[in-house]
Amino acid sequence: MTSMAKHVAVLMGGWSSEREVSLNSGAACAAALEGAGYRVTPVDVGRDVAEVLARLKPDVVFNVLHGAPGEDGTIQGILEILRIPYSHSGVLASALAMDKAQARIMLAAAGVPVAKGGIVSRAEAAKAHVMAPPYVLKPNAGGSSVGVFIVREDQAHPPQELTREDWPHGENLLVEEFIAGLELTCAVMGDKVFDVIEIESTQAFYDYESKYAPGGSRHILPARILPEIYQRVQMLSLMAHRALGCRGVSRSDFRFDPSKGDASGLVCLEVNTQPGMTQTSLVPELAAHAGISFGELVTWMVEDASLDR
């Protein structure tokens, strides 16, 4: 079947806290896929997504959902049942990467360094410091830095937002020691490892605003780190991609403490199986740096789509 004949359903939106980002990603990808000659149907995902897809009968699903249900294995399971080939990772890799505590276990077992930490309940984290500050508290399943707190040394008690009755980010939190230094990211496309971006945030840390507001952060490509650290980040990104069983495109985020003087200051924060695809997103920028246009990137992702991923 030629790309001209392929009908691609672009899944976007959904109901997670990352809905707006997903809609922006989806609009950009749908336009690029139309430009590449595909027949494209954008789908703003609701609870009736299985019925909608069964009716549309697309040849391929291009998944641009962020957060649940698009990033945690749920949509992937529906697509397996419907037998519609889809982009990105499969059921297990998606579920593992979304559950930060489980991902940490898998990454550490594969030799990918992670920060000291573990799972705590929200009640526990709200009562008293669960580790010596500075530390980071984040929802165990979430993305785009929503619901993340950096607890500094001078904070007498944990963030009081944790006690809110309408807390929307789940009862399990991941606590990790705060690694001072640089924010680095690297992406994998199939077996190809891209370059490394250093992210300089204009905010206190690389939060939601920094990620998506124009001018919220500065991307330095290539990252200003020693060649051996640079290559180590690339190697760890590929190791992380493979350790979780990822497919298609993934992006791994790191912190690097240069004061350690070598690669021992490097930790992997998380692996994103559905990285952002907006105009300010990191993966399209890394692809462009490697000579791959946005249109070529999304075309590759459609042609890479399969089942039993």
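The legends below walk through several close-up views of a predicted model.

Residues are numbered from 1 along each chain as its sequence is written. Because the model is predicted, local features need pLDDT of at least 70 and side-chain atom pairs count only at pLDDT 80 or more, while totals for chains, interfaces and linings use all residues, and side-chain values use heavy atoms, with hydrogens and water left out.

**Figure 1. The whole protein chain at a glance.** The protein chain holds 10 helices and 12 strands; helices (H or I, at least four residues) and strands (E, at least two) are DSSP runs, numbered from the N terminus. Along the principal axes, its C-alpha atoms fill a box of roughly 60 × 45 × 35 Å. The radius of gyration of the protein chain is 19 Å, which agrees with the value near 19 Å for a compact globule of 309 residues (taken over C-alpha atoms; the globule rule is 2.2 Å times the number of residues to the power 0.38). Of the 309 residues, 52% count as buried, where buried means under 20% relative accessible area, exposed over 50%, and partly exposed in between (1.4 Å probe, protein chains only). Among contacts with a separation of 6 or more, 69% join residues 24 or more positions apart; contact means heavy atoms within 4.5 Å.

**Figure 2. Helices α2 and α3 side by side.** Two packed helices are described by the angle between their axes and the distance between the axes. For α2 (residues 49-56) and α3 (residues 74-82), the axes come within 11 Å and cross at roughly 35 degrees. Here, axes are lines fitted to C-alpha atoms, for helices over the stretch in contact, and angles run from 0 to 180 degrees between N-to-C directions. V49, A50, L53 and A54 of α2 meet I75, I78, L79 and L82 of α3. By class, this contact of α2 with α3 has eight nonpolar, no polar and no charged residues. In this scheme Ala, Val, Leu, Ile, Met, Phe, Trp, Tyr, Cys and Pro count as nonpolar, Asp, Glu, Lys and Arg as charged, and the others, Gly among them, as polar.

**Figure 3. The buried side of α3 and the residue that follows.** The buried residues of α3 are I75, Q76, G77, L79 and E80, and they pack against β1, α2, β3 and α4. Just after α3 comes R83, with a positive phi of about 60 degrees although R83 is not a glycine. R83 sits in the loop between α3 and α4 (91-98) and is partly exposed, at a relative accessible area of 45%.

Figure 4. A nonpolar core is a set of buried Ala, Val, Leu, Ile, Met, Phe, Trp, Tyr and Cys residues joined through side-chain atoms within 4.5 Å. The largest has 29 residues, of which V10, L33, F62, M277 and L297 touch the most other members. Elements that each supply at least two residues of this core include β1 (7-12), α1 (19-35), β3 (60-63) and α10 (294-304). Leaving aside neighbours within four places in sequence, the contacts of F62 include V10, L33, S87 and M301. A second, separate core of 23 residues includes V196, I229, Y230 and C268.

Figure 5. W300 belongs to helix α10 and is partly exposed, with a relative accessible area of 26%. Not counting residues up to four places away in sequence, W300 touches M189, G190, G248 and V249. R104, in helix α5 (residues 100-109), counts as buried at 12% relative accessibility. Leaving aside neighbours within four places in sequence, the contacts of R104 include V114, K116, L174 and E176.

**Figure 6. Backbone details worth a look.** From P133 to P134 the peptide bond is cis, with omega near 5 degrees, and P134 lies in the loop between α6 (122-127) and β5 (135-139). The peptide bond from L221 to P222 is also cis, with omega near 0 degrees; P222 is in the loop between β10 (217-220) and α8 (227-243). K57, not a glycine, has a positive phi of about 50 degrees. K57 belongs to the loop between α2 and β3 and counts as exposed at 63% relative accessibility.
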